[in-house]
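Hi there,

Here is the structure I promised to pass on. Have a look at it first, and then read my notes below.

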Amino acid sequence: MLRIVPSIFSLLQTQNCVKSRYRYRTLCSVVLQPDRASTCSESVSKPMLEQHQHSVMDPSLYTAPPEVRGMTCLDKEVFSQTVIVPALRVPKEVLNKLVKSLKKVALQRPGIRRVVEVEGSDDERLLLLDPASVSSPSSFSDAEAEALQSFGVPQELQRYELRLTYDNLKSEEVLRAVLPEGQDVTSGFSRVGHIAHMNLREHQLPYRNLIGQVIMDKNPGVTCVVNKTNTIDSAYRNFKMEVMAGEENMVAKVRENGVTYEFDFSRVYWNPRLSTEHERVVALLKRGDTVLDVFAGVGPFAIPAARRGCTVLANDLNPESHRWLQHNCKLNKVERKVTTFNLDGRDFIQGPLKQQLPVMMKGKASVHVVMNLPALALEFLDAFRGLLDQGLSCDVNLPQVHCYGFSKEDDPQKDVVERASASLGFSLEGLCSVHLVRNVAPNKEMMCVSFTIPKEVLFSRESTQTEAIEEPAPKRQKCEETTN
C-alpha cells in the first residue's frame, strides 16, 4: 500500500507533460481483497480528485454544467467535460474475444472508442467500461468474471480520464440539461426522408431552434427539422409547420416496404407510422384483384397493390396528393395499372366506382375498397347504400371494405362497429373484423373495420336518408406550385 501511493503522486506530478488526450490511473488490485480495495481506492482517489477538480465520477457518466440550463442558442463548447470511467488492462492477443464477453458492460458512446492504447505498452490495451454497470469488481456477472479468469485478465480496475464533448452526448442528455428542470424532454420525432417532424409542447417552444439543431446534429441524414403548428387540415390532410433548423427543402424521398415515394411533405399527408398497416392490408391482396382506394394520398396502398399485380383505381381530393400520386406511379413503373382521380371521396364512390363496380363484381377476383381517412371515412360509408341497381344482385362477388376511424371511447372496437353500422343502415355485428392500427394519443385509437358490403346495403331500394357528408371544402393554399 505504501509503495503504491508514492508512485501515484509521482505520476500526478508529471501528468501535465502527457500530451495524450486520455490518461488512466491504477486504482489497485481488488480481486480477492474487496475490503482492502475499498480502503486503497479511497486513499488514492482523494488526492487525484483534488488535483483534477474538473473530473467527475458519476454512475450516469455525464452531468451537465449548470450554465447550460435555459440555453436557447446552442453553444457546443459549454458541454465539454472530463469524466472518470473504469477500465480493464487487457493483453492484445485476447482483446477481441474478451470484448465480446463484456459487451454488456463495455462503454458505448457516440464517437468514443472503447479500446484505447496503454501508454508505454505495445502488448496491452485498455477496455473502457460503463460506470453505470461497473463500479467495483463485484459488479461483473458470474459469466463475465469467468471470462476474465479464463483469459487471464485480473479484475483490476483502472481510473481513466475521458474528455466528453457535445459530439459524444446523446440528444436526450443535451435536451435534459438545457430544458427547465422537471419539464418533459422531447427528443422523439417522425422521420420522413431528410425531414424530422416533431410535435413540441408549449413549454418547449422557446427552445425550438436549439432542439432542432440538436436533433439534426445527432441524426445523420436529417437536414431539416420541422414542428407542426396546427392540427391536420381534414380537407387535404396536411398541416402548417415551421422549420426549426436546417434547410427549407420539403420535397422528401422515402422508401417504405420496398417502394420509393417522393412528395412535398408540407402539402400532402404522409405518416411513417403506418408502414406496418400498409403492409398488412396489401398482404391480403392477390394478383388479379381490384383495389379501389378512395383516399389514396400519394399512393402507400395503391402503388404496392399495383406492384402485387392488382388493378387499382386511386383517388384523392388534394390536387398536390393527386399530382405526387401520379409521379410515384411513374417512379415505380406501375402507371399502367393505376388509374388516378382527383375527386371528393363521395363523388368517387358514386361516380367512377359505381360505374366500374358491376363489371368487377362479375369476375372471380376479389374487389377491395380502402378508405383511409380516419377522421371522416366511417361517415362516407352511407354512399354505398342503394349504390347499384337491384337487377345486378344475383351471383355477384361483393366488395370487401377496409375503413379506418378514430375512437376515444372506452371500447373502441364496439364504437367503430356501431358507427359503421349506423352509416350503412345495417348492423355489422358478427359480420366484420376490427384491427387496432395504433395508439394516436392518450385515449385515442386508430382502428380499421373490415367487412363485405351486405347485399342489403349495396342493392337497397332506398339510398341514404341522412344528409350526405362531404369532405370539407378545400382551403386556398398560400404556397406556390411545387415542381418536380
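Which residues have the most contacts inside the largest nonpolar core? They are Leu353, Met371, Leu381, Phe384 and Leu458, in a core of 40 residues. By nonpolar core I mean a set of buried Ala, Val, Leu, Ile, Met, Phe, Trp, Tyr and Cys residues joined through side-chain atoms within 4.5 Å. Buried means under 20% relative accessible area, exposed means over 50%, and partly exposed is in between (1.4 Å probe, protein chains only).

Before you go on, keep in mind that this is a predicted model: local features need pLDDT of at least 70, side-chain atom pairs count only at pLDDT 80 or more, and totals for chains, interfaces and linings use all residues. Residues are numbered from 1 along each chain as its sequence is written, and side-chain values use heavy atoms, with hydrogens and water left out.

Back to that core of 40 residues. Among the elements that give it two or more residues are α10 (345–362), β16 (367–371) and α11 (412–424), and α10 gives the most, with six. (Helices are DSSP runs of H or I with at least four residues, strands are runs of E with at least two, and both are numbered from the N terminus.) Leaving aside neighbours within four places in sequence, leucine 381 is in contact (heavy atoms within 4.5 Å) with Met371, Val401, Cys403, Ala420, Ser423, Leu424 and Phe451. Another core, of 38 residues, lies apart from this one and includes Phe265, Leu285, Ala302 and Val312.

Now the charged pairs. The structure holds nine salt bridges, each being a side-chain nitrogen of Lys or Arg within 4 Å of a carboxyl oxygen of Asp or Glu. One of them joins aspartate 217 to lysine 76, with the closest N and O atoms 3.5 Å apart. Aspartate 217 sits in helix α6 (residues 208–218) and lysine 76 in the loop between β2 (55–56) and β3 (81–91), so this pair ties together parts that are 141 residues apart in sequence. Aspartate 217 is partly exposed at 29%, and lysine 76 is partly exposed at 37%.

Arginine 208 is in helix α6 and glutamate 242 in strand β10 (residues 241–246), 34 residues apart.

Finally, take a look at helix α9 (residues 319–331), where arginine 323 and glutamate 320 lie three residues apart, about one turn of the helix. Their salt bridge has its closest N and O atoms 3.4 Å apart, and glutamate 320 is buried, at 5%. Salt bridges with shared partners join Arg267, Glu320 and Arg323 into one network.

Cheers
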